[in-house]
Amino acid sequence: MDEIEGGILAAIPPSALTLTLTRAAIRMEHSRTWSIDKTNPVDDLVICLDGAGRYLIDGEPRAMAPGDAMLIRRGQRFQGWNEGAEIYRGVAQHFTLGLHGRHDLLAQMELRPQIRLGRWSLLGPLVRHYRQSAPSASVTLGQHHLFMVLLIAYVEGAFLAWRRDAAYPVEGADAMDLAVMKAATTIAANPIAEGAAARAVAAAPYNADYFLRAFQKRIGLTPRKYQEQRRMERAMHHLEAGRSVTATAAEVGYADPYYFSRMFKRTLGLSPREHLRRVELSRHGGILGYDEPDQTARLHAGRGGTPRNPEPDGTPPAPER
C-alpha cells in the first residue's frame, strides 16, 4: 500500500511560497584534501550520496552519511572536511524560502538540523538526477521543481514545532495570516490526533474567539471542521489504496465503521461506497470525453443510475453492464 502522509506543508497553497535558488547546485565531489570554512548569507541544504563528510556547524560536530540531509542556516559558520579514503559525494543548494513574499518560512520552524531522508530508495535516484542534471552556472525551472521535492522531504522529516518566539509583524493582516497558516498546517499534519484543533487555537497569540472568526474567514471552516475534513481526506487515501471501510475507520480513529460512514458523508458529501464508485469510473475511463458539467453529473449518478447505499465493509459494487 502506498504510504499515506499529511505533512506540515500540506495546507500551504503553492502560491503562498516563494522559492529562490540563489546559485546553481553544487556538485559535491570531495577527496581527503578537501576542507571548507565559511558562512553563507542564505540557507544551504546538503544531501550526501556517497562517502562521509565531517562538519562543525557553529562549533557543533556533525557527520554525514549516504541518505542524510543537513540544513545549514543563513549566518551559521560551517567547517567541513573528508577524513575517509572514499570520495565524499553529494549535492548542496543555496536557497531562500519565503511565505507571502514577506516571511522567512524556515525561520518560523524548529527543525532537526540533520535527518536521514525517508523513502531513500525513491529519493536517492532523484537526488542523483538532480546532481547530474544541474547546469554548472545557471538555474533552471526544472531545478526549481526538483529541489522543492527534496526540500519538502527534508522539512517533513525535520519539523518539530512552529516557533513561539518567531517574530510576528507588529500588527495587521500579515500577523493574522501567519498565525492562521501555522494553525492550519499544524492541524493538517496530524488530523487524527485528538484535540489537534483546540491545541492549534490555544497556541495562536490571539483571543480564542477572535482567532476562531479569523480562521474561518480565511480557511472557510472552523478549526474543528477543518480537522475533520483533513481526517476524512486521509480516509479517502486509505480507501483508494484498497483498505475496507472498517479498516479505514480504525486507521483514522473511529471504532464504529457505521458512524465513520455517516461522518464521511456529512463531511465530504458522499459515502465511502460512492467515493469508490467515482474512483472506479475515473480509473476505467467512464467519464472521459465529457465536458466538466457532464463529468460532474455522471460522477454523481454513476453509470447512468443512482448510487446505491453504502455497505459497511466498503466492498466495491460489481460493474454495471
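**Figure 1. Overview of the predicted chain and its contacts.** Among contacts in the chain between residues at least 6 apart in sequence, 73% join residues at least 24 apart, where contact means heavy atoms within 4.5 Å. This is a predicted model, in which local features need pLDDT of at least 70 and side-chain atom pairs count only at pLDDT 80 or more, while totals for chains, interfaces and linings use all residues. Residues are numbered from 1 along each chain as its sequence is written, and side-chain values use heavy atoms, with hydrogens and water left out. Of the 321 residues in the chain, 42% are buried, with buried meaning under 20% relative accessible area, exposed over 50% and partly exposed in between (1.4 Å probe, protein chains only).

**Figure 2. Strand S9 and its partner strands.** Strand S9 (residues 88-99) is largely enclosed by the rest of the structure, because 10 of its 12 residues are buried. Strands are said to pair if DSSP finds at least two bridges between them. Strand S1 (residues 17-21) runs antiparallel to S9 and is joined to it by five bridges, with Leu19 standing opposite Leu97 in S9. Strand S2 (residues 26-30) also pairs with S9 in the antiparallel sense over five bridges, and here Ile26 has Ala92 as its bridge partner in S9. Strand S4 (residues 43-50) is joined to S9 by seven bridges, again with the strands running antiparallel, and Cys48 stands opposite Gly90 in S9.

**Figure 3. The hairpin of S9 and S10.** Two bridges join S9 to strand S10 (residues 103-104), and the two strands run antiparallel. The bridge partner of Leu99 in S10 is His103. Three residues lie between the strands of this hairpin, in which His100 takes a positive phi near 55°.

**Figure 4. An open sheet of four strands.** The strands of this open sheet follow the order S3-S8-S5-S6, and their pairing is antiparallel. Strand S3 (35-39) and strand S6 (60-64) stand at the edges, each with a single partner strand, so one side of each is left without a neighbour in the sheet. From one strand to the next, the twist averages 20°. S3 and strand S8 (residues 77-81) run antiparallel and are joined by five bridges, with Phe78 in S8 as the bridge partner of Lys38.

**Figure 5. Two loop residues with positive phi.** Most residues other than glycine have a negative phi, and most peptide bonds are trans. Asp58, although not a glycine, has a positive phi of about 50°, and this residue is found in the loop between strand S5 (53-57) and S6. Arg119 is found in the loop between strand S12 (114-116) and helix H1 (120-133), where its phi is near 50°, a positive value in a residue other than glycine. Arg119 is partly exposed, with a relative accessible area of 44%.

**Figure 6. The packing of helices H6 and H8.** Two packed helices are described by the angle between their axes and the distance between the axes. Helix H6 (residues 223-240) and helix H8 (residues 257-268) pack at an angle of about 115°, with their axes 10 Å apart. That makes H6 roughly perpendicular to H8. Axes are lines fitted to C-alpha atoms, for helices over the stretch in contact, and angles run from 0 to 180 degrees between N-to-C directions; angles of 65 to 115 degrees count as roughly perpendicular, under 35 as roughly parallel, over 145 as roughly antiparallel and the rest as oblique. Glu228, Gln229, Met232, Ala235, Met236 and Leu239 in H6 meet Phe260, Met263, Phe264, Thr267 and Leu268 in H8. By class, this contact has eight nonpolar, two polar and one charged residues, where Ala, Val, Leu, Ile, Met, Phe, Trp, Tyr, Cys and Pro count as nonpolar, Asp, Glu, Lys and Arg as charged, and the others, Gly among them, as polar.

Figure 7. Glu228, found in helix H6, is buried, with a relative accessible area of 14%. Not counting residues up to four places away in sequence, Glu228 touches Tyr254, Met263 and Thr267. Ile192 is found in the loop between helix H3 (173-189) and helix H4 (196-203) and is partly exposed, with a relative accessible area of 33%. Leaving aside its neighbours within four places in sequence, Ile192 is in contact with Arg231, Glu251 and Val252.
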